[in-house]
Amino acid sequence: MTGKRLTKEDRRQQLLHVARSIIRTEGVEALTLGYLAEQAGITKPIAYRHFIDKEGLLIAIYKEFSDKQKQDLSSSLAQNANSFDSTIHIFCSACLKCYIAMGPEVGLVMAALSGTDILQTYLQQCQQEFIDIFTNSIHPFVRFEDQEGEAILIAITGLMDAVCVAASNHMLDPSIAEKVMENAIVLILNDYLNPANI
């Protein structure tokens with residue numbers, strides 16, 4: 001390669017970008033650290049130093065998405081969420097924008113993360129963090145009963161993931177996806193609203 005040598009972080013970002021491109025165009029199965037190195041124009045040891053193995057690479061790709069999603073959600077909610085309806089709108093909008101910005105490979109990476117116990121555990125951890133942000137955002141407006149509340153939150157999270165993945169894959173128009181998510185979540189939570197705080 002020619003030109004200025006990349007910093008460690010810049011190299012890592014370059015490799016993540018190339019990895020997402022491989023997944024988007026050729027699928028998760030095509031992604032190996034050797035192929036990543038070839039496509040990025042570097043030697044294999046450099047790729048292995050950054051990610052160790054394919055599992056580490058998949059986790060890094062999803063972590064980048066998950067961290068951005070949590071940051072965007074927390075920032076948007078802190079600035080604008082002052083009612084139940086606005087909270088649901090902000091949450092759905094920020095979540096959808098993040099999925100679309102990261103591209104259709106997000107859904108493929110999520111599916112791949114379900115493949116082994118280690119990856120599944122990591123995916124569940126990230127999803128629990130997402131649920132916690134959602135729970136905290138609606139806490140002033142909604143009252144849940146123990147396990148029933150947990151089941152509802154898991155259902156809502158699954159719904160949002162499915163709709164957002166479909167929108168990021170261009171199977172749904174984003175405006176329709178957002179409207180469906182908002183309406184469905186409001187309908188699900190309607191029986192648990194705290195009238196004093198709406």
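Predicted model: local features only at pLDDT ≥ 70, side-chain atom pairs only at ≥ 80, totals over all residues.
What span should the 27 residues of α4 have at 1.5 Å a residue, and how far apart are its end C-alpha atoms?

**View 1. Helix α4, its span and its N-terminal cap.** At 1.5 Å a residue, the 27 residues of α4 should span 39 Å, and the end C-alpha atoms of the helix are 39 Å apart, which agrees with that expectation. At the N-terminal end of α4, the cap is provided by Asp53, from which a side-chain oxygen lies 3.3 Å from the backbone nitrogen of Glu55.

**View 2. The buried residues of α4 and what covers them.** The buried residues of this helix are Leu57, Leu58, Ala60, Ile61, Tyr62, Phe65, Ser66, Gln69, Lys70, Leu73 and Leu77. An α-helix has 3.6 residues a turn, so residues three or four places apart point the same way. The elements that cover the buried residues of α4 include α1 (8-26), α2 (33-40), α3 (44-51), α5 (84-102), α6 and α7.

**View 3. The largest cavity.** Of the two cavities of 30 Å³ or more that are counted in the model, the largest holds about 60 Å³ of space. Its lining is made up of Tyr62, Ser66, Gln69, Tyr99, Cys126, Gln127, Phe130, Thr157 and Asp161, and the elements giving two or more residues to this lining are α4 (54-80), α7 (117-138) and α8 (146-168). Sorted by class, the lining of the largest cavity comprises four nonpolar, four polar and one charged residues. Tyr62, Ser66 and Gln69, which belong to this lining, are also among the buried residues of α4.

**View 4. The second largest cavity.** This cavity has a volume of about 40 Å³, and the residues lining it are Ile61, Tyr62, Phe65, Met102, Glu105, Val106 and Val109. At least two residues of the lining come from each of α4 and α6 (105-113). By class, six of the lining residues of the second largest cavity are nonpolar, none is polar and one is charged.

**View 5. Pro174 in helix α9.** Pro174 lies in α9, the helix that comprises residues 174-189, and counts as partly exposed because its relative accessibility is 37%, a value between the 20% and 50% cut-offs. When residues up to four places away in sequence are not counted, Pro174 touches Leu96 and Ile100. The C-alpha atom of Pro174 is separated by 22 Å from that of Thr25, a residue 149 residues apart from Pro174 along the chain.

Note on methods
Residues numbered from 1 in each chain as written. Heavy atoms only, no water. 1 Å grid on protein atoms, 1.4 Å probe; cavity = no way out; pocket = protein on both sides within 12 Å on 5 of 7 lines; lining within 4 Å. Points joined across faces, edges and corners; volume = space filled by probe spheres on them. Helix = DSSP H or I, 4+ residues; strand = E, 2+ residues; numbered from the N terminus. Nonpolar A, V, L, I, M, F, W, Y, C, P; charged D, E, K, R; others polar. Expected span 1.5 Å × (residues − 1). Buried < 20%, exposed > 50% of the residue type's maximum accessible area, 1.4 Å probe, protein only. Contact = heavy atoms within 4.5 Å. Polar contact = N/O pair within 3.5 Å; in protein donor to acceptor, adjacent residues only side chain to side chain.
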